[in-house]
Each structure stands twice: as structure tokens, then as C-alpha cells.
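Work through the two exercises below with the coordinates open. Each task is followed by its solution in steps.

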Amino acid sequence: LKEVVKHESMLEGDNIIQLFNKFITDFESKLNPLSLVQLGMVALEQHQDSEKGIQFIERIGEKVKQHEEASALVKILVGKIKLHKYDKRREVQNIIEDVDKMLSEIDGVSPVHSHFYLLSSDLYRIEGKHAEFYRSSLRYLGCTELEDLSMQDQTKHAFFLSLAALLGDGVYNFGELLAHKVLQSMKGTENEWLIDLLFAFNSGDVAKFRQLKPKWSTQPDLAAHETLLFEKVCLLCLMEMTFRREATQRIITFQEIAKETTLPVEQVELLIMKALSQELVQGKIDQVSGNVDMTWVQPRVLDKEQVKIMTKKIESWSLSVSNMELMIENQAGEILTY
């Protein structure tokens with residue numbers, strides 16, 4: 001049946017609705033509840049009247065209410081109509097909260113999770129909640145086969161995800177997105193520069209950020225938040241400076257930070273305080289000496305270049321341990337004597 005409803009001839013008019021009402025309803029009680037709702041989901045797309053569509057899927061919902069996953073999918077489908085056809089955001093938010101509780105009781109990732117995260121990301125995108133959209137959309141892509149999405153859908157997801165990563169409050173971890181294949185869909189398009197901008201932010205490259213301004217300033221949302229973007233890339237620059245240094249060489253002067261971020265020296269301390277308050281780094285500021293002693297930097301998903309840096313750090317640490325071991329062996333006699 002799942003293959004039949006995908007046939008080209010069934011996609012015309014209300015053929016799937018007719019198949020459902022005149023054929024599937026005769027034995028729907030014998031079908032797997034989740035499969036029944038999935039078939040109903042395909043038929044739902046052919047309903048021109050949104051209210052009748054809700055009634056149709058809720059009727060199926062009554063028959064599968066004992067099945068957790070199927071019931072959750074019914075709620076999601078109702079929420080999808082209420083969001084996109086009626087813009088009832090408060091009701092959709094309530095549906096998302098209910099379904100979240102239902103799915104939390106299911107072990108592993110079910111086929112319903114993909115639809116849940118898509119509905120969540122659609123709501124957050126419409127409301128302009130960039131950070132929430134970023135997390136939900138990444139989860140959606142995490143439980144969806146990219147091959148199942150059209151190239152147009154892939155490009156759309158990549159574009160909105162990129163904007164959300166840049167504008168999202170508290171989003172400083174770009175590695176997972178940069179490693180995702182969905183970004184490749186923007187290559188060769190007019191928005192390919194977004195990939196370069198994401199890499200610039202991930203590495204805290206302020207110079208690259210300025211270099212790409214002719215590109216990103218053409219995007220209204222980014223242009224309207226230039227100050228926020230500059231602050232964010234400066235914070236990421238500070239994180240990257242801390243990450244790149246050896247654990248024993250993390251005393252960074254205000255002058256060094258000012259040079260990398262292009263900020264005036266008198267604004268560097270405020271930048272460090274913002275990084276500390278958001279727990280992006282940990283350390284102590286020495287106002288007299290004009291430096292900061294960094295002791296920790298927030299873990300992030302690393303790109304290939306950052307992995308190379310981490311590899312060199314591990315090699316350096318291993319060499320340091322080996323040298324210490326040799327020193328103890330050579331001086332063991334003197335230590336035991338004392």
C-alpha cells in the first residue's frame with residue numbers, strides 16, 4: 001500500500017483519499033497503527049479543505065489512540081495544519097510539548113521523531129527563535145535520510161540553518177553543521193558564501209568576516225544584526241585563541257586579543273567578561289598586567305583543521321610526559337637518597 005500511494009497516477013486529484021475511504025477503511029483495524037497513520041498522512045496532503053483534513057486525521061487518531069507513536073504522529077499532523085493554515089502558534093506549541101513527553105517514553109529514534117523535529121523547527125523559524133530552530137532543525141536532519149529530501153528542500157534547510165547558527169543566541173558550536181552533508185547543497189548557488197562565512201565564524205576569523213561583508217550585508221537579517229555578528233565572531237576568536245594555545249601557555253595579553261579581534265584595547269576586557277559570563281571560557285583577568293589567564297574553553301565539535309591542532313597538542317603532551325618519565329628515572333637515586 002505504501003508503494004501504491006506513491007505511484008504517479010495516485011497523486012492526481014483526490015485518488016488517495018478515494019482509495020482510503022473506499023478500500024483501506026474496510027480493513028484498517030488490521031493494519032499496524034503507525035502504518036495506518038502514515039497512509040493517512042499521504043491522503044491528508046490531497047485534502048483541499050483544512051478543516052476536513054483535521055477531521056479526517058483525527059478520525060484515524062481515535063482508532064490508534066492506544067498506540068503511542070501513532071497517536072503522536074496524529075497530533076503532529078494536526079499541528080502542521082494549524083501552524084501552516086491557521087497560524088495558531090500557541091496551540092502548536094502545546095502540541096509540541098505534549099508530543100515531546102510522549103516521545104520521551106519511546107526507546108531510541110522512531111519514524112515519528114523526524115516529523116516532530118520538522119514541526120518544531122517550522123514553528124521556531126516562523127517565530128524567529130534562531131537558537132531553538134537551529135537545534136530542532138539539526139535534530140530533524142539527524143534522523144532523516146538526506147536522499148529522501150529534494151535538492152530544493154536540502155538547499156532551503158541549509159540556508160535557514162546557516163542563518164540560525166549565525167544569529168542564534170548562545171550558538172557557538174558550528175562544527176556539527178559544518179560536518180553535515182546538507183551544506184553541500186548550497187555549493188554552486190547564490191548563497192554559497194554562507195559556507196565560507198560559517199567557517200570564518202567557527203575559526204574566529206574576524207578578517208574573513210570583514211572580507212565577506214559585501215556578501216552577507218545583502219542578506220537583510222544579517223545586515224540588521226551586524227553588531228551582534230561582530231560581537232559573536234570576536235567571542236569565537238577569543239575561544240579559538242585559547243584553544244590553539246598549550247595549557248601551560250594560556251596567559252593572553254589584551255594587546256594580542258585586540259590585534260586578533262581588531263577591537264580597541266579598552267574594549268577587550270569587556271569582551272573577556274562577556275565570554276566568562278556565558279561560560280565560553282574560564283580564567284582570571286589581571287587588570288594591572290593587562291592580560292587574562294585562561295584555564296578552560298568550552299568544548300565544541302571540531303572541524304578538520306581544529307582536529308589537526310588537537311592532534312599536535314596530544315603529541316606535545318605525550319612528549320612532555322615521556323620527558324618527565326625519563327627525568328624521574330635518571331634522578332630516582334637522588335630522590336630516594338633524600
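This is a predicted model: local features need pLDDT of at least 70, side-chain atom pairs count only at pLDDT 80 or more; totals for chains, interfaces and linings use all residues.

**Exercise 1: the sheet**

Solution. 
Step 1. Ile 252 has Val 292 of strand 3 as its bridge partner.
Step 2. The open sheet consists of 3 strands with antiparallel pairing, and their order is 1-3-2.
Step 3. Strand 1 (251-253) and strand 2 (281-286) each have a single partner strand, so these two stand at the edges and one side of each lacks a neighbour in the sheet.
Step 4. On average, neighbouring strands of the sheet are turned by 30 degrees against each other, direction ignored.
Step 5. Helix 14 (residues 226-244) packs on the sheet and touches strand 1, strand 2 and strand 3; its direction makes about 80 degrees with that of strand 3.
Step 6. Helix 16 (residues 265-277) also packs on the sheet, touching strand 2 and strand 3, and its direction makes about 145 degrees with that of strand 2.

**Exercise 2: a helix pair**

Task: classify the packing of helix 7 (residues 130-142) against helix 8 (residues 151-167).

Solution. 
Step 1. The two helix axes come within 8 Å and cross at roughly 140 degrees.
Step 2. The crossing of helix 7 past helix 8 is left-handed.
Step 3. Contributors to the contact include Phe 133, Tyr 134 and Leu 138 of helix 7, and Phe 160, Leu 161 and Ala 164 of helix 8.
Step 4. By type, the contact residues are 10 nonpolar, 3 polar and no charged.

Technical notes: Residues are numbered from 1 along each chain as its sequence is written. Side-chain values use heavy atoms; hydrogens and water are left out. Axes are lines fitted to C-alpha atoms, for helices over the stretch in contact, and angles run from 0 to 180 degrees between N-to-C directions. Helices (H or I, at least four residues) and strands (E, at least two) are DSSP runs, numbered from the N terminus. A crossing is left-handed if the near helix is turned anticlockwise from the far one by less than a right angle, and right-handed if clockwise. Contact means heavy atoms within 4.5 Å. Ala, Val, Leu, Ile, Met, Phe, Trp, Tyr, Cys and Pro count as nonpolar, Asp, Glu, Lys and Arg as charged, and the others, Gly among them, as polar. Two strands pair if DSSP finds at least two bridges between them.
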